[in-house]
Protein chains: 2
Amino acid sequence: MFIQNSQLIVRKVKNMADKKFNILVTNDDGYRAPGIRALVEVVKEFGNVTVVAPDDSRSGMSNAITVYSPLRVKKIKEEENLTVYKCNGTPVDCVKIGISELMDETPDLLVSGINHGANSSVSVLYSGTMGAAIEGTIHGIDSIGFSLCDYSKSANFEHTKSYIRDIVSNVLEEGLSQNISLNVNFPVGDIKGVTVCRQSRGKWMEEFEKRQDPAKRSYYWLTGYYQDFEPEAKDTDSYALENGMVAITPITIDMTAYKEMERIKNWNISLNGTNK
Amino acid sequence: MFIQNSQLIVRKVKNMADKKFNILVTNDDGYRAPGIRALVEVVKEFGNVTVVAPDDSRSGMSNAITVYSPLRVKKIKEEENLTVYKCNGTPVDCVKIGISELMDETPDLLVSGINHGANSSVSVLYSGTMGAAIEGTIHGIDSIGFSLCDYSKSANFEHTKSYIRDIVSNVLEEGLSQNISLNVNFPVGDIKGVTVCRQSRGKWMEEFEKRQDPAKRSYYWLTGYYQDFEPEAKDTDSYALENGMVAITPITIDMTAYKEMERIKNWNISLNGTNK
C-alpha cells in the first residue's frame, strides 16, 4: 500500500466504509489527557485503534528519542477495536515501539494529539505532538498532528470532532504525498472555516524567570511569549487561528534548503568536491 | 546587522581580520567532549567565544526544550576571549539561556558540535547538535552544526579544522539567507573534497532489544541501523560521506510543503475557509 520511492502515494480507497484501517494514536500530553480521548473517539469509527502514548506529559519534546535509559511499556486497556499502552518514553519513542514491537502490521494511519495548546508557526519544531507525526511520516505512514489552541486541562474538544473526521477521511481516501505530514491546528470557540496555509515566521521570546532555591543557589524557569515576524500576512497558520479558522499546514521532513544550495556553491572552500 | 524581514541577510564584512565576532558555541555531547574543544579552538580565531553546553551527553534531543524542571547554569571557565558555562538542560535550552541571560549581546554566529557521530539524512531531525543550530536560526543568528562520522570518545578532529575555518569564514563574510542553517558532516579519514548536497531519504530501522530486569519486568533498549531509501543518488549527504567528502547541507526552518498545499486544497472539508 505504501510505495516508498514514488513521488506520490496513489491510494484511492474505493469502498471506505467496507475497510477497517489500523490506526496508531499517540500524543505528548500522556494517555490520560482529554485530547487523546477525543481523538480516539473519532478515529475508532475508521477501524482498529492502538494507542501508544506517554505515561505523563512530554511537552516540548520535539523529535527527541530516548537513548540513555530503557523504555517500559504497559498495556492499560484491551477491548474490541481498541488497545491502549502507556510508555515512559517520548512521543517519538511511542511511535517507534508501537510500530516495531506492539502492532502486528504497519499502521495505515498515525494520528497524534489532540494537543492541549497550539502547534502553529515555529512551535512545530518544538512540538512532541508533531514529532510523533513526523516519525510516522519517516516510516512511510500517513500521519497527522492535531492541536487545539487551549492549554487548559478542561479544554473542550467537541467542536473539533467533525473536522477531524473529515480530514482523516480525506487522508485515508487520497493519501498524503511522500515525506509529508499534516499539522492541523484548531481555534477555540466557533469555527469560521478551514484553510490550507503555510507555517508563519516568528519566534518565542524567552523570558527566563530567575529564582533562588532554599540553599541560595539560583535556577531558571523557561517562559516567554510568541512574537510574530509577519503579522500582516494572511496566508499563515497564525492568521488562520486568530481569525477562527482551522489551519491545515502540510509539512515536509526534507529540510533541505534547495535555493540556498546554489548560493553557497560559490563559496571559497579549500578543497573541491563533485559540484565545484 | 540582522535584517529579520528581508529575504536575504546582506552582510558583506569588508575587513574580516579587523573585526572581532561574538560567537556562541554549544553541542549535545556535553561541555567536556573532545568535539566541542576542537570547535572552540578554531572559532576562537574569529573573536570572543561563549560556550554554553550541556553538563553531560544529550544525544537525540532534537529541538526539545525543558518545561517541567528548572534550569541551572554554572560558569566553568573565564579567560581572555573565552567563557564556558555548563547547563543541565537540552542543547536548545543552552542556546536560549545563552542568548537571553548569559551573553551581553546577540551573537554574530552560533556553532554547534563537533558532534561525535553523523547527523546526515533524517538524523537531522533527531539531532541535538542540529536542534541547537536551528534554534540559533530561529533567533536570526547565522548558525552551523558540525558533525564527524565517528561515535568514539577518542575520535580525531584534527582533519576537520581547516574546513571549519573556511566554512565559518564564508558564513561570517557572506551571511546565510533567512531561515537557513548549515548542516556540515565530516567523513572519517582522508577528505577527498567538499560538496553542497541535499538531505538523503532514509530511516532508522528500529530493533528494540527486549530484556528482563531482576524483578522479571521487561524493558527495551532502542537500537537500530540506518536504511538508505535512495542508495543510487549521488547528490545526497549520505553519498558524499560514503565517498570521503565533506557534506554541506543548507536546511530550512520553514517546514511548509508548498506543493502539497495546492493538492489538499481540493479536499472535501465540511466548512470552507479563505482559500476554497
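Colleague: How many bridges join strand β1 of chain B to strand β5 of chain B?
Modeller: This is a predicted model. Strand β1 of chain B covers residues 21-26, and strand β5 of chain B covers residues 109-116. The two run parallel. B:V25 stands opposite B:V111 in β5(B). The number of bridges joining β1 to β5 in chain B is four.

Colleague: Which strands of chain B are the edge strands of the open sheet?
Modeller: The open sheet has nine strands, with mixed pairing. Their order in chain B is β3-β4-β2-β1-β5-β6-β7-β13-β8. An edge strand here pairs on one side only. In chain B the edge strands are β3 (73-79) and β8 (193-196).

Colleague: Which helix of chain B lies across β6 and β7 of chain B?
Modeller: Take helix α2 of chain B, residues 91-102: it lies across β1, β2, β3, β4 and β5 of chain B, at about 135° to β2(B). Another helix, residues 128-138 of chain B, lies across β1, β5, β6 (142-148) and β7 (180-186) of chain B. It runs at about 170° to β6(B). That helix is α4 of chain B.

Colleague: Why is the relation between chain B and chain A that of a two-fold axis?
Modeller: Chain B can be laid on chain A with an RMSD of 0.0 Å. The shift along the axis is 0.0 Å. The turn is 180°, so the relation is that of a two-fold axis.

Colleague: What percentage of the contact residues of chain B recur in chain A?
Modeller: 77 residues of chain B are in contact with 77 residues of chain A. By class, the chain B side has 38 nonpolar, 26 polar and 13 charged residues. The same surface serves both copies, and the share that recurs is 100%.

Colleague: Which residues touch the most other members of the largest nonpolar core?
Modeller: That core has 157 residues. Beyond its neighbours within four places in sequence, A:L39 is in contact with residues including A:V25, A:V111 and A:F146. The residues touching the most other members are A:L39 and B:L39.

Colleague: Which residue takes a positive phi in the hairpin of β10(A) and β11(A)?
Modeller: Strands β10 (209-212) and β11 (218-221) of chain A run antiparallel, joined by four bridges. A:Q212 stands opposite A:S218 in β11(A). Five residues lie between the strands. The residue with a positive phi, near 70°, is A:K216.

Conventions:
Residues are numbered from 1 along each chain as its sequence is written. Chains are lettered from A and ligands numbered from 1 in the order in which they are written. This is a predicted model: local features need pLDDT of at least 70, side-chain atom pairs count only at pLDDT 80 or more; totals for chains, interfaces and linings use all residues. Two strands pair if DSSP finds at least two bridges between them. Two residues are in contact if their C-beta atoms, placed from the backbone, lie within 7 Å. Axes are lines fitted to C-alpha atoms, for helices over the stretch in contact, and angles run from 0 to 180 degrees between N-to-C directions. Ala, Val, Leu, Ile, Met, Phe, Trp, Tyr, Cys and Pro count as nonpolar, Asp, Glu, Lys and Arg as charged, and the others, Gly among them, as polar. Copies are superposed by least squares on the C-alpha atoms of residues with pLDDT of at least 70 in both. A nonpolar core is a set of buried Ala, Val, Leu, Ile, Met, Phe, Trp, Tyr and Cys residues joined through C-beta atoms within 7 Å. A residue is buried if 20 or more other C-beta atoms lie within 10 Å of its own, exposed if 12 or fewer, and partly exposed in between; C-beta atoms are placed from the backbone.
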